[in-house]
Amino acid sequence: MLYFILRRIVLLVPVVIGLTVIMFAIARLLPGDPVALAAGPNATQGEIEALAHEFGLDRPVWTQYFTYVGGLLHGDLGTSLLTRRPVAADIAAYLPATLELVIAAMLIAVAIGIPLGLATAVWRNRWPDYLSQVVAIGAISMPRFFLGLLLQLCFAMWLMWLPLGGRLPIIVIPPPSVTGFLTIDTLIAGDMHAFSMAMRHLAMPAIAMSLSPLATIMRMMRASTIEVMNQDYVTTARALGLPRGKIILKYVARNAISATLTVIGLYFGWLLGGTVLVETVFDWPGLGLYATKAIISQDMMPVIGVALVIGLLFVAANLVIDLLYGVINPKVRYS
Amino acid sequence: MTETVQTPQTEPARQGNDRMRRAFFRFRQSTLSMVGAGMVAVVLFFTVFGTMLAPYPDHVAGGVETAARFQPPSAGHPFGTNELGQDVLSLVMAGTTVSVLAGFGVVLIGSVIGTLVGSVAGFVGGWADEVLMRLTDLTLTIPSLILAMAIAAALGPGFANMVIAISLSWWPGYARLVRGEVLAAREEVYVTAARAIGANPARILFRHILPNVVSPIIVKMSLDMGFAILTVAGLGFIGIGVRPPTPEWGTLLSLSRSYMPDYWWTAMAPGMAMFLAVFGFNLLGDGLRDILDPKARR
Amino acid sequence: MAGPLLRIRDLHLTMTSFDGAAHVLNGIDLTVQRGEIWGLVGESGCGKSLTGLSISRLVPTPPARYIRGEIRFEGRDLLQLPMREVQTLRGKRIGMIFQDPTTNLNPAYRIGEQLVDVALAAASHDASVLDCPADASRREKRRAARRLAGDMLDRVGIPNAKARLDNYPHEFSGGMRQRVLIAMALIGRPDLLIADEPTTALDVSVQAQILKLLKGTVADHDIGIILITHNLGVVAETCSHVAVMYAGNIVESGPVEEVIERPAHPYTQALMAAIPTKQSKRGTLKGLGGSVPNLVSPPPGCRFAPRCPLAVAECTQALPSAVEVGTAHHAACIRVTGTEVASDV
C-alpha cells in the first residue's frame, strides 16, 4: 500500500517536468509580446527592455526554464509580470475557492447521480427511465455559463433569494482562515450568520457546476448497474432467494459504484480546469478567474503555475480514486 | 445458431448487409436518435443558409440602429433587439455558421492529429509508442480549457486561431482511442496474413487497420461535436476568440450579461441556440454510439 | 405416498428475438422424486439450462413467454404462483448451482458474508434453518447464520472452514469456489437442487470430487437433484435417471442404466457413440452433421429428422410423442414402437 503510494508520487516527477516543458513551450514559442503588454501602451523601448531584463526574459529560453525549475524546488512558481506578486502566493489565495466550488459540485453530483443512476437502471425501459435519459443528455448539453446566467436571472435578480456572486458580502467579516473553505472556516469560527451567507453564495455556482457531472455520473451508474445486474453472481443471489432490495442495495450497488468511480475521478480533474466559465459568471474569486485575467494580458507565469497545480491535483485525484477502488474491490487491493 | 445453406462467397456480404439493416432498424427504433438527427439537420441548414435567411442581413454585417435599442420581443423581432438595436434572431441565425464550423473544425483537426499520433504509436510500437503516449497523457493532464485559452490568447483573435487553439487541446482523446483500436486490429488474423505475404506496412495500416477504426472515430466525433461547440462558445464568452461584429453565440451571450435583468431577452436566443444545437448533436451521437460501437452498447 | 417432488408437464416456452419468436421449449415432461438425481443432457442451445432456470422462475418474461404447461413443485404450479411466493421458495426449497464458479460469487464480499446473507434470507421464511429461536435478535441470528455457514463449508469439504469465511472469492481455487457455491445452495436446506453444468469449468479430478459431494448430499438429506450437463460420462457416473434433450424436446428419458445400455432414440445413440470411453456399437459419430436447428422456424415433425441417419418421410409429418420402451424408459421417435428399439436395419 505504502509502496504503491510512494511509487505513484515518484511518477509525478516526469509529469511535472513534462507539464512545465509544454507550458513553457507555449509561453515562449507562440507569438505575442507579453512584456510590451505589461509595460503599458506608453512605455518606451528602454522601459520594455528593462522590464524584460528584470524578469530574465531576455535570456535564452533554456536558461529561463532551468531558473524556473530551480525555483520550483523551493516552491517558487515565479512572479507575475503584471502585478509583480509571487504566483505561488496568489495560487494559495485563490485555490481554496476553486476547490470549495468543485468539491461542493462533486458532492451534489455524486449524492444525486449515484442513487438516480441505480434507480433508473432498476426501473429501466419504463417511462421514468426514458425521461431521465433525455433530461440527462439535456443536462450535459446545457452550457454551464448559460445555466449560471439563468440561475442568476431567476434567483438573484427576479426572486432575490440568493446573492448574485462572490463568496461573501463585503459587510461580513471573513472568518480566520484555517482551511480556506469559507463554509468550513465559518463553522470553525462558530459564526452561523457568516456560514449561512457562505452557503448561499456557494449554492448557485455549485449547482451550475454540478449539472453536467451529475448527468454523466447518473448515466455511468445506470450503465454499470445494468451490467452488474447481468452478472452471474446476481443471478445466483436471486436463485438463492436473497430479497430484491438487498441484492440491489448491497450486491449490485457496490460493484456498480466501483466502475463509476473512475468517471468521478476524471470529472473531478476536469472540473478543476473547467471552473473558468462559472467563476466568470458568478465572480467567484478562484483559480479560473485568476488564470483568465493572466491569459488576457499574456502574463504567462501565473498561467503555467495554474496549469501545473491543476495538473498535479488531477493526478492526485486519480491516485485517491485508485486507492478508493482498492477499498471497494478487494481483488485489486491484494494484487 | 441459424443454419441456412449459403455458399462461402456470399456469406460475408450477406452478413454485412444484415448488419447494416439491423443497425438502421435500431436507429429508426430509437426515437431520440431520430429527434437528434432532425435537430442536427436544422442546425446544419442554418449553418449554410443562416446568414442568407436572416431577416436583417445588414445587422449581421454590423449595421447599427440606435433608435431601436433594447426592444422587447415582438412580431418584427421575435427575440427582441440588443444594445445596438440589432435584431437578436438575425445575429443568432448567422452565428450558427461560426459556432458549427468552428466546432466541426476543432473535431476534424483534433481527430486527424489524434489518429496520426495514435496509429503511429499503436502500429510502430516500442519507443515511438512510449514517447507519443506519454505526450498524450501529459496533454490530458493540462486543463484543456486553460490550455486552449492560453494558446488562443497568444495567437491573437480570429476564427482560425481559435479553432487551432482548441484543436491543440482536443487530440489526446482520439490518440488513445485509435491506439487501442490499432493494437487490437494488429492482432487480427487478416493483418497477420497480410504481414506474412510481405505487404508494405503503410499499406497494411491504411488498407487493413484504419478502416476498422473508422466507426469508433465517427462515434467519438459525433459525441464531441456538441462539446466542441460549447468550448468555442466558452472562449467567446470569456472574450477570447472571434471578435464582434462577427456574430458568435458565446460572444453574444457575454455582451448581454451587462444588460441583465432588464433586457434579459438578449441572452435567451443565443443561450437556447447553443443548448439546442449541442442537445441535437449529443442525442445523435448517443444513438450512433449505441449502433456503431457494439462494445459500448447497453 | 406423497406426490412427486417436481413434475413438469407439457412446458412450452418461446423467446422473442429480432428474427421472431423461437420455440425454445417445446413440450417438456419431467418428473423428479426425492432421492433421484436426474441428468439433463443435450447440446448447447437445446433448452436444458432454460428448463432449469424455469423451475426457479429466473427466465425473464419478456422476452420469454410461457405458452402452455405447468411446473408443479410439491403439487403447486410455480408458473401460476405470484413472484412473491416464488421468492419464498428460492434458496429455501429450491437451490441452484451454476457453471462458472469464478463469476457466480460476488468478488466484492467475503464468502462468509455471502453465505450468511443466503442463510438469513432462507431463515426469514423458515426460522428452523438457523439453530436459534425465531424471535432472536438480529445479532444472534447473524451469529447463528455465521456458525451455520462455517458448518456448511466444513460439510462440503473445505479445510479450515471457520477461518476461510473471511476470505474473498478470488482467494479460493476453482474447485473450492464451486464447493462454496454448493454450500451456499445447500445452506437453506433445499428439497430440490438444480445444478447447471456444475463441473464443466473444473479439472477432471476436481470434477469427480464435486460429483461425489452431490451424490452424498442426496443420500444424506433425501433431496432431488437435476444435474444439467452436456457430458454423458458425468451422467453415467452420478445420476440415477437421465433425460436427453434435443432442440427444446426431451427425446428420451429413463433410468440411467436403461438409457445408456439400450438407447432407443437415434439422437441418444449418436450421443452414446460420441463417448470414447464407453464400448459403443457403432463406434464413431457418423452422419450427424449440421447443428441444432433454427428454432424460429423449426423443421416440421421431428426436430431431429434433418440430421437423423434413420429418418424416413413420415418423420416430418408430426412431432412424435414419447413411447414407453422399457421400465420407466421413454423415447420420442416414430421408429420406436413398444419395446422395439430403432436401428438402421
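**Exercise 1.** How many bridges join β1(C) to strand β4 (residues 64-73) of chain C, and in which sense do they run?

Start with the ground rules. This is a predicted model: local features need pLDDT of at least 70, side-chain atom pairs count only at pLDDT 80 or more, and totals for chains, interfaces and linings use all residues. Residues are numbered from 1 along each chain as its sequence is written, while chains are lettered from A and ligands numbered from 1 in the order in which they are written.

Step 1. Helices (H or I, at least four residues) and strands (E, at least two) are DSSP runs, numbered from the N terminus. Two strands pair if DSSP finds at least two bridges between them.
Step 2. Eight bridges link β1(C) with β4(C), and the two run antiparallel. L6(C) has F73(C) as its bridge partner there.
Step 3. β1 (residues 6-17) of chain C also pairs with β2 (residues 20-32) of chain C, antiparallel, over 10 bridges. A hairpin of two residues joins β1(C) to β2(C).

**Exercise 2.** Find which helix of chain B gives the most to the side that touches chain A.

Step 1. Contact means C-beta atoms, placed from the backbone, within 7 Å. By that test, 36 residues of chain B touch 41 residues of chain A.
Step 2. The helix is α6(B), with 10 residues.

**Exercise 3.** Decide how covered α6 (residues 174-186) of chain C is.

Step 1. Buried means 20 or more other C-beta atoms within 10 Å of a residue's own (exposed: 12 or fewer; partly exposed: in between), with C-beta atoms placed from the backbone.
Step 2. In α6(C), 12 of 13 residues are buried. Among them are G175(C) and L186(C).

Technical notes:
Contact = placed C-beta atoms within 7 Å.
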